[in-house]
Amino acid sequence: MMSDLDFAADHFALFGLPRSQQLDSAALDLRFRQLQTEVHPDRHVQAGDAGQRLSMQWASRVNEAYQTLKNPLRRALYLLQLTGHDPQVENNTAMPADFLFRQMELRESVAEARRDGDEGVLEAARLQLVQEIAAVHRRLIELMDGEHEYVAASGLVRQLMFQEKLLGEIDDALEVVAS
Amino acid sequence: MALLQIVEPGETTAPHQHRLAVGIDLGTTNSLVATVRSGMSVVLNDVQGHSLLPSVVRYLADGRVEIGRTAEKHRSLDPKNTIVSVKRLMGRGRGDIAHGETLPHDFVDGEGMVRIRTIAGIKSPVEVSAEILKVLRQRAEAALGGELIGAVITVPAYFDDAQRQATKDAARLAGLNVLRLLNEPTAAAIAYGLDNASEGVFAVFDLGGGTFDISILRLSKGIFEVLATGGDSALGGDDFDHRVFCWIIEQAGLRPLSPHDARLLQAHAREAKEYLSSHGEAPITIKLGSGEYVDLLLTTDSFTEITRTLVQKTLTATKKALRDAGLTVGDIRGVVMVGGSTRMPQIQQAVAELFGQEPLNNLDPDKVVALGAAMQANLLAGNRAAGDDWLLLDVIPLSLGLETMGGLVEKVIPRNSTLPIARAQEFTTFKDGQTALAIHIVQGERELVADCRSLGRFELRGIPPLVAGAARIRVTFQVDADGLLSVTAREQSTGCEAHIEVKPSYGLSDDEIAVMLKESFTHAGDDAFRRALREAQVEAQRLLEATRSALEDSSTLLSPAERETIDRAIVKLEAVMLGDDRRAIDAAMQALGAATEDFAARRMNQSVQRALAGKTIDQISP
């Protein structure tokens, strides 16, 4: 099994982790450090140009895999791709009405707080959104690992992209308000 | 008594092979050089015993250059030709320079970067910085008694690609082989972390003369992992001086000022600021050129008041870095203070309030960056000793992207991505029969191209004429461990590949650097040819050692025929490396590199598998 592992292995295999949305993040962190300890260019300083290039490619590969697996949204997208399911992020914009309504509400309150320079409201909105996102993460694990409901999971992934974008907007607003 | 050293395979630590390498803190106000001696990181002093070299360069009419203390002494006599805080100009256009109007220099627009007109001609900030680096190189070579194999140069974590590239160019111009550009707060974390054997998440708050950085790092089992970094590459002690300067003008009702009086006021402003670090109030008495006196008293309260927005800026950036790391102040185990400007009491107080704990000041804030850089230089030079088993994982401070339709930015690599990193993005043509595509690379966080920094443009030609949207152009960004970018573009719909590699150089081409190098060597009486040859010989020696130890380690990965090819390349390199034909040495090194390419790839796979196997054992053992 080990001998299958090479540069082209998938991210889960590279980190020796099971292919699932549920993830042992301590194991991921540990494995990331172990792999970088082997492949990072600083560990191959004497290897000459070709060796340095190889090590940079490997280290980039490990970093990319780590970032993909660490982030639940990116992990879900990657897992859907691996299992041959198209999450339709480009062409499917249908969202449940209550979700859209909630998003609009949050967006408006963020825009207002940004106008008024109200840091407290923004911090509160951020905290709430972070909690909502965490709940979606938990539901995604159920849908993908337990129920194998990939279509429903894809819908949730599209919602998550919405929510993460809003989180970015809140962070921007916080920055504008603070300065 | 002679001690025997046990060397693990792959390590070369015989004492006589110790490779001379230094860490250089190229600061806005002062610069330093440090090295590791007998396992200890130490700052190297000049012959008078000074460790700090003022980052001041004065050009004289006869072509001579004064650097450091001498230049500083003549600064108010000859402000036009005496360049201070040149770090603020690195990789910067004329419009980017804060308070440019208060500087006494004649600025000239230059391609990619501003230039300064001096009595000795027009100088680029890269050349000015190279003068400072040359002094430090000479200081180190004199102290260590030999030529340096290379240097780690520190840069503010928040420096963008243009500023990093300019710093690297300056080092090359000074005859230094750059082992690595290292972020200043990360260097400080190394010095602090290795000194205290710390574990946990730390913040490094680095306020220097002209730059501010905040970095959040996780220290765990010898790995320094930067989680997020932020800051302002144009905010530092100079800005606090400037606030005091403006306060003096306002209080005394002065205006306009002669260049001489302006210099005088600036010097007094800085003195008053420094005095307030240990006193409650600072008297300011200045005799102007006109014979008039300015007599003022600056209290700590007024100083805090006039600099409040500057302090606020540092706190805003700190909060943002924490958010980026997904952490809150409660997660931070300690806050390491770096940079001379953290001596200001209102900074100490503001940081203590934000984090709810007293900041750590137990390392000299002026020296800690150079000390950490020296430790990294020692490692990268190949002097890894048993126990030196640490690794640094740093991040890119600002997002990298491409211009898309409508002047919008498409982010390709987000800020705070761990280095090195490669990312590809696919694009297509928007017109039927389009055969070329303009690619514009930008750096920054804003959505509009106009609000980001332009790093470079290039054109991909030779795209086969197809209907709009049919061509597939893959643009790959690769950022190396120095944080420097290279971009490749490939058209791949038809299998016909166009390929281009771009390294933005911001005004100084490789040819320009070569010419400047040659000139500087002629001036210094050094022999550029001998130096280049020696460098090639040292490189060849390193490659041979590494190859031999790899062969010893994992010869089973090779077939007899492959082994023979490699052995032949080794013999060939050994034959030419002692001669004086540098080209032949380079060619033989390349041949050996090519012969061992597959072998190296197999070895890498093997070590990755070893890492996996290692973990299984960890998990089994209780």
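Predicted model: local features only at pLDDT ≥ 70, side-chain atom pairs only at ≥ 80, totals over all residues.

Biologist: Where does Ser85(B) lie, and what is its phi?

Modeller: Ser85(B) lies in the loop between strand S7 (82–84) and strand S8 (106–108) of chain B. Its phi is positive, about 50 degrees, although Ser85(B) is not a glycine. Helices (H or I, at least four residues) and strands (E, at least two) are DSSP runs, numbered from the N terminus.

Biologist: And what makes Lys221(B) buried or exposed?

Modeller: Lys221(B) has 69% relative accessibility, so it counts as exposed. Lys221(B) also has a positive phi, about 45 degrees, without being a glycine. Its place is the loop between strand S14 (212–220) and strand S15 (223–232) of chain B.

Biologist: Which peptide bond is cis, with omega near -5 degrees?

Modeller: That is the bond from Leu419(B) to Pro420(B). Pro420(B) lies in the loop between strand S21 (408–413) and strand S22 (421–427) of chain B.

Biologist: What makes H10(B) mostly covered?

Modeller: Of its 13 residues, 13 are buried. Helix H10 (residues 368–380) of chain B reaches 19 Å from its first C-alpha to its last, close to the 18 Å expected at 1.5 Å a residue. The expected span is 1.5 Å times one less than the number of residues. Just after H10(B), Gly382(B) takes a positive phi of about 95 degrees.

Biologist: How many helices and strands are there in chain B, and how many in chain A?

Modeller: Chain B has 15 helices and 27 strands. Chain A has seven helices and zero strands.

Biologist: How does the span of helix H6 of chain A sit against the expected one?

Modeller: Helix H6 (residues 119–146) of chain A has 28 residues and reaches 40 Å from its first C-alpha to its last, close to the expected 40 Å. Its buried residues include Leu122(A), Ala125(A), Leu129(A), Ile133(A) and Val136(A). An α-helix has 3.6 residues a turn, so residues three or four places apart point the same way.

Biologist: What do the buried residues of H6(A) pack against?

Modeller: They pack against helix H4 (72–82), helix H5 (97–116) and helix H7 (150–178) of chain A, together with helix H8 (308–325) of chain B. Contact here means heavy atoms within 4.5 Å.

Biologist: How does the radius of gyration of chain A stand against that of a compact globule?

Modeller: A compact globule of 179 residues would come near 16 Å, but chain A has 20 Å. The radius is taken over C-alpha atoms, and the globule rule is 2.2 Å times the number of residues to the power 0.38. Along its principal axes, the C-alpha trace of chain A spans about 55 × 45 × 30 Å.

How values were computed. Residues numbered from 1 in each chain as written. Chains lettered and ligands numbered in written order. Heavy atoms only, no water. Buried < 20%, exposed > 50% of the residue type's maximum accessible area, 1.4 Å probe, protein only.
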